[in-house]
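Thanks for making time this morning. I would like to walk through a few places in this structure where space is left open and a few where side chains are packed away, and I will give the cut-offs as we reach them.

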Amino acid sequence: MNSHQTQKKTFAITTPLYYVNDVPHIGSAYTTMAADVRSRFERLLGHSVLMITGSDEHGQKIQRTAESNGRSPQEHCDQIVQKFLDLWDRLNIRYDRFSRTTAPRHEKIVQEFFGRVWDKGDIYLGQQQGWYCVSCEEFKEERDLLAGHRCPLHPNREAEWRDEQNYFFRLSKYQGQLETLYQERPDFIQPETRRNEVLNFVSRGLQDFSISRVNLDWGFPVPTDPRHTLYVWFDALLGYVTALLDPDDDPTLENAISKWWPINIHLIGKDILRFHAVYWPAMLMSADLPVSGYVFGHGFLTKDGQKMGKTLGNTVDPFQLVEKYGADAVRYYFLKEIEFGKDGDFNEERFINVVNADLANDLGNLLNRTLGMAKKYCQGIVPAIAPDEISLDHPLKSLSANLAPGVAQSYKTLAFSQACEQILNLIRAGNKYIDEQAPWSLYKQGEQKAVEEVIYTVLESVRLAAYLLSPIIPQVSTAIYQQLGFSIDFNAILIDESVGFSRHGSWGVLPPNQTLEKPQPVFQKLDRINETSV
Ligand code: MSP
């Protein structure tokens, strides 16, 4: 490794490790798209990025699903994992690690970690009594259950009464340290509403939680007592650590944490907040490891205003969605239309309208018509305008000057919809400017210089917008760049610093006299395809 590489800032981000009881749904796709966008943005900044996703394969839920399908748990997991890999491919997700909790190297990491916590005296044998929701793989407080001991998140399933010997983790011991963590690092749990939920929960007093199960085979044996199987969540959270190992590393904790630890961001949905914001940091404290950067809990997706779920039969199939409309449209809709952190709705009509209005009309048409004019009035090349000569109060230049820092801030704070709005603002200003300036009239009046300035500034604005949108819509951005005469592929992992944010995020990058390509629609307008609604 040369000295330059060692100086690169590292950035590691995780999605949850998804249960493989069933094929991926749009909820899993949602978090993964968000993680991909943030990772792509970090790569543009020139950082060393590790995007981690994967599968959580142990536990009762998976064991039972496999049994009911007449397959061994491992066979079942292998089949479903394939579906996840396939979906990530179709959605253009550029992950670096796919962490499977059934991997033998993961067991080694779990054993070593367990050993540390055990040596700390934080694990003891006790009696566990309570209501267990197999779908959540979590004990529930009686007061949190619906009538008939049904779990509010899985109202079609009854929680099961358990009364068994389990090993427990001394969570209560970490009450004070956790409270200090939340106080000293107010950003540790985001957004604010989620932080408040956790503070509330913790202030009620933390109870130790069981980390082993009896009568369950599908999982790792407890290293000190193989009659017990390790609780799926204890093993799953450690999947994040195993993911940090390079493929040829020996599976030790020391190797795993040598480069990427602490992980910068854990992206999760709000239902698994406690595990990540309470249990996980306490486990790390017990093992004498620094806690992660922060946890961001996003909201739930609903369909046509109703909570999405198998019971209602209103889940959105991400495979069908991407098949019908393409990856960029799907990525754009979910990130632009839903404020990250809040619940958000999917409605097919709205999906089509939003994507058509923003990508086909505002962005696509602006490029198309301007390229057409460049062909007609400027011999199909970028007009020879020196970007510095354009006055600072030029409407597009002045908007562009402050755009990249604002958009960068939005990506950094995971405010994806805000990033899109800021960029759209420039695109809309470009359309307005061209209408007002009417270069076709200027041309007729022989105002060639003025025509060239209009065309240059609009093309440069489209370029900048495409660049800033590239983490979200890499295919469309690549098509725009190619028509502007660049050979840059935003779908690939860009390591070329000359395409970095500090250069391409600023104004005046389009080289004068660069040959422009033939205008072609960069985004085909979507039509509603009715027969198979997603
Ligand atoms: N296996 C655990 C995570 C272990 S992480 C070490 C798990 N898996 S899950 O597959 O059930 O859920 C994964 C993620 O999908 C969660 O973050 C959950 O919030 C998210 N979603 C599930 N349904 C969802 C929606 N309807 N909308 C948005 N996200 C939702 O939990």
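Let me start with the second largest cavity, which is lined by Gly59, Gln60, Tyr132, Glu137, Arg162, Arg213, Leu216, Leu230, Tyr231 and Val232. This is a predicted model, in which local features need pLDDT of at least 70 and side-chain atom pairs count only at pLDDT 80 or more, while totals for chains, interfaces and linings use all residues. Residues are numbered from 1 along each chain as its sequence is written, and side-chain values use heavy atoms, with hydrogens and water left out.

By cavity I mean a set of points, on a 1 Å grid over the protein atoms alone, where a 1.4 Å probe fits but cannot get out; a pocket is an open set with protein on both sides within 12 Å along at least five of seven lines, and lining residues have an atom within 4 Å of a point. Grid points are joined across faces, edges and corners, and a volume is the space filled by probe spheres set on the points. By this rule there are two cavities of 30 Å³ or more, and the second largest cavity holds about 40 Å³. Its lining divides into five nonpolar, two polar and three charged residues, where Ala, Val, Leu, Ile, Met, Phe, Trp, Tyr, Cys and Pro count as nonpolar, Asp, Glu, Lys and Arg as charged, and the others, Gly among them, as polar.

The second largest pocket has a volume of about 970 Å³, and of the 36 residues that line it, Glu138, Phe139, Glu141, Phe201 and Arg274 lie nearest its centre. The elements giving two or more residues to that lining are strands E4 (123–133), E5 (138–140) and E10 (209–210), together with helices H7 (192–203) and H11 (273–286); helices (H or I, at least four residues) and strands (E, at least two) are DSSP runs, numbered from the N terminus. By class, this pocket's lining has 17 nonpolar, six polar and 13 charged residues.

Leaving aside neighbours within four places in sequence, Asp122 is in contact, meaning heavy atoms within 4.5 Å, with Val117, Phe168, Phe169, Arg170, Lys173, Tyr174 and Ser286.

Finally, Phe486 lies in the loop between helix H20 (474–483) and helix H21 (501–504) and is also buried, with a relative accessible area of 12%. Not counting residues up to four places away in sequence, Phe486 touches Arg463, Tyr481, His504, Val509, Leu510, Pro511 and Gln514. From Phe486 to Gln60, one of the residues lining the second largest cavity, the C-alpha to C-alpha distance is 53 Å, with the two 426 residues apart in sequence.

Key
Buried means under 20% relative accessible area, exposed over 50%, partly exposed in between (1.4 Å probe, protein chains only).
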